[in-house]
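Here are some notes for a colleague who is meeting this structure for the first time. Please keep the sequence and the 3D view open while reading.

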There are 2 protein chains.
Amino acid sequence: MALTLEQIAKLAGVSRSTVSRVVNDDPNVRDEVRQRVWRVIRETGYQPHAAARSLVTRRTQIIGVIIPESVTTLFTDPFFSLLLAGITAACNENRYHLMLSLFNSPEGSDAIYQRVLRSAYLDGVIVASATGDDPLIPRLLRDSIPFVLVGRHLDKRVTYVDVDNVSGARMATEHLIRLGHKRIATVTGPMSMLSAQDRLTGYKQALEAHGLPVDSSLIAEGDYREGGGIAAVRRLLPASPTAIFVASDVMAVGVLKALRQEGREVPGDIAITSFDDLPVATAVQPALTTVRQPIDDLGRTAVQLLLDLIHRPPDATSVPQRLVLPTELVVRGSCGARR
Amino acid sequence: MALTLEQIAKLAGVSRSTVSRVVNDDPNVRDEVRQRVWRVIRETGYQPHAAARSLVTRRTQIIGVIIPESVTTLFTDPFFSLLLAGITAACNENRYHLMLSLFNSPEGSDAIYQRVLRSAYLDGVIVASATGDDPLIPRLLRDSIPFVLVGRHLDKRVTYVDVDNVSGARMATEHLIRLGHKRIATVTGPMSMLSAQDRLTGYKQALEAHGLPVDSSLIAEGDYREGGGIAAVRRLLPASPTAIFVASDVMAVGVLKALRQEGREVPGDIAITSFDDLPVATAVQPALTTVRQPIDDLGRTAVQLLLDLIHRPPDATSVPQRLVLPTELVVRGSCGARR
DNA sequence: ACTGGTATTGAGAGCGCTCCCAACACGACT
DNA sequence: AGTCGTGTTGGGAGCGCTCTCAATACCAGT
C-alpha cells in the first residue's frame, strides 16, 4: 500500500505537520530534522497523494490542452505534434502535468466541457487555434477559468500568443513579387480561422504595396488540408496565375499534386510559396519555399503565460497579455529563386 | 464559488447521501426524489469535485499515455498523432481523461516517473512503443500499476496490443519479389525496437520463402527518421539493389530524396515499398506502396485493454492479453507495379 | 394489533493532506 | 526573577466526497 504522511512521520519520529513542512520546503524546520525526514522519504519512496493535496490546496498541478471541435480534424497536422512537444517540455520543466482533450466525441462538446472543465481537474487550459467564434471562449471567460489561446482573438479579455501571420504571408508574397510575378494567386485556410484571415491580409498587403491589383478570381478558400489544396487549384487555374501563395504546407502538398496532374511544372510554370515549414516541406519535390513559424516557442510561451495567470493573486487586475512571435521566410526550390 | 454536495442537498431538500446516490446512479432512490435532485443539479450546473471523489474512491478517471524517453524524438511522427486521436476518442467514449507525458525532460526520466506515476494521479497507463529493454516496464510491473503496451514485449506479464509487423513486412517484400526483383535491400528501424526487429524478420522470411539469399550488404539500419533513410541509401547503393523495402514511410521519404540526388529513378531504377501508410505516403512522388496499419484501432484497443485491467477485481488472476492486429498492403506508384 | 421484511433515507466516520493556532523551549533583555 | 520574542513543533479542524450502518416508513401476512 502507498504510504501516508502520518506513517512517514512515525518513522522519522516527528509529527505529520513537520513532514508536511519538509515536503513543501517550509523554512521553519530545524536542519537536523529536515535531513532525517528527507532520508525517510527517500528510503521509502514516499510520494504525497495528489488528490488529498488538491482537495485542500485547490490546485491540481494539471493544465489542459484543448483542441476544439472546430479543428479536431486538423489534429494529425504535424503542427499540433510540434506544439504539444513544446507544451509538454515546458510543463515538465515547471513540474506541471498535461491533460489532453480533443473535443471530438459524439457526446457533444457541451458534455465534454462540463466533464473536463467544471470538475476542478484543471488549474488552467491552453486552447489550440480555435476559430474566431468558438463557443468555448465565452464559456471559459464566464466560468473564469484561466486560459491562454494559441492564435489571436478579438475579445480584449483574452490572453494569447500568436505568430505573426500577416507579416509572414506578406514576406512569402513579396518574395514572389520580387521574382517578377504579376499574377499571384493564393489558397487560403478556412476563413473561420483568424490565422487564415491574417495570412490573406498579408497577401493583400504585399500586392497593394507593390501596386498590384487584388483579383478575387485569384483567391480560393481552402481548409488547411491536402484535399483543400487540390480543389483550390482547379478553381484557380482558369485565372492563369504564374505563382501561388498557399497558406499552409499541407495544402501546398495538395497543390503540388494537383499541378502535376494538370501537367504544370513547379516552379517552371507556376511558382509556389507556402506557410508553416513543417517537416513535409522538405519531403516533397521541389522542396517548399515557406514561412517558418516558431511552433516550439509558441507552445512554451503559452505555458508560461498560463502559469503566470494561474499564479497571479486573484485580486490583481491586469491587462491580458498578447504576444506575437516573429516568422521567417525559408527559401527552397518551389519558388524558382534558385535555378 | 463551486457548489458542493451539501448545498445541492439543501436546495433539493434531501441529505448529502441522497444526492451522492443520485449522482452515482444508485438505484435505491425514490423516482420522485431522483427527478427533483437532478433538476437542481441541472439548474445549478453542479459538477462533483474530482479530487474529493478521488480521495475516497482511489480512482481518478485519468489514464496516462507515456512516450518513453527512447522514442520522444519520434513524437512528431504522425503515427503518434493518429495513435493519440484513437486513444482520446476511446477515452471520451468511456468518460476517462487522458494525461500525456513525454519523458523528454532534463530532470531525467526517474524523476518524471516518480512525479507522474507514484502520486496516484493515474488509474493506469498506456506506454507507446518502447524499446524492448525500456527500464519503464520493470518499474511499472514492480509498482503494480495497470498498464498496456502499444507494441509487443517479451515479458509474459505484459498486456499489449501490436500490429502484425512480421506479416506486413513479408507482404511488402513478397510484393517486390512477385514483381521480379532478386536483389532486394531493406532499411530497418532502430534495432532496439521490437517493431524494427519484426519488420526485418518479415523481410527475411519473404526472401527465404522464395529461395533468395539474405545478404547483409543489402541490410542497413535506420532510425525511423528521414535522415536515417538518406544515410542508409548511401550504404546500400554499392550493393546495387533493384528494390528496397523501407521499414517506415518517413524513412522512405528520405530514401526517395537520396535516390533522386543520386540520379536514380523510382520505381524505374529502384522500386520501393514501405510501412505505415501515413498521410505522407501519398504526398510524395511517386506515392508509396506501403503496408497500412490500423493505428486508430491500435489506440482504441489499448484503451479497452487498459480499462479491463483497471476494472478487474484485484484478486482476479488472469493471463495478460496480447492482441495482434492485421496489416494490409496498399499498392501505389513506388513499387512499379502500375506503369 | 403485531411481526417481519423491504425500500428509502440520513448521520457519522474517514480518505490524506494543508493550514491555523496553541504550546513549548530557549536565549536575551529589562 | 520576570518578560518578551523567536524559532520550532504538534494537534485539531476541515477540504468534498463515498460508504457503512442505523433509523424510519411502509406494506403484507398472521
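Predicted model: local features only at pLDDT ≥ 70, side-chain atom pairs only at ≥ 80, totals over all residues.

1. Across the interface, 50 residues of chain A are in contact with 50 residues of chain B. The area buried between chain A and chain B comes to about 4500 Å², and carbon and sulfur atoms give 58% of that area. Three residues, A:Asn92, A:His97 and A:Arg115, supply 13% of the area that chain A buries against chain B, which is more than any other three residues supply.

2. As to the kinds of interaction, the count of salt bridges between chain A and chain B is zero, while 19 residue pairs between these chains are in polar contact, with both residues at pLDDT 80 or more. On the side of chain A that touches chain B, the elements giving two or more residues are helix 4 (50-57), helix 5 (78-93), strand 2 (97-102), helix 6 (109-117), helix 11 and helix 12 (280-283) of chain A. Helix 5 of chain A gives the largest share, seven residues. By type, the residues on this side of chain A divide into 25 nonpolar, 17 polar and eight charged.

3. Why can helix 11 of chain A be called largely enclosed by the rest of the structure? Ten of its 13 residues are buried, so the description follows from that count; among the buried residues are A:Asp249, A:Met251, A:Gly254 and A:Leu259. The length of helix 11 (residues 249-261) of chain A also agrees with expectation, because at 1.5 Å a residue its 13 residues should span 18 Å, and its end C-alpha atoms are 18 Å apart. Helix 11 of chain A is followed by A:Gly263, whose phi is positive, near 80°.

4. In chain B, B:Gln7 lies in helix 1 (residues 5-12), and its relative accessibility of 35% is why it counts as partly exposed. B:Gln7 and B:Leu82 are 75 residues apart in sequence, and their C-alpha atoms are 43 Å apart in space.

Definitions and conventions. Residues numbered from 1 in each chain as written. Chains lettered and ligands numbered in written order. Heavy atoms only, no water. Helix = DSSP H or I, 4+ residues; strand = E, 2+ residues; numbered from the N terminus. Expected span 1.5 Å × (residues − 1). Buried < 20%, exposed > 50% of the residue type's maximum accessible area, 1.4 Å probe, protein only. Contact = heavy atoms within 4.5 Å. Buried area = accessible area lost by both parts, 1.4 Å probe. Salt bridge = Lys/Arg side-chain N within 4 Å of Asp/Glu carboxyl O. Polar contact = N/O pair within 3.5 Å; in protein donor to acceptor, adjacent residues only side chain to side chain. Nonpolar A, V, L, I, M, F, W, Y, C, P; charged D, E, K, R; others polar.
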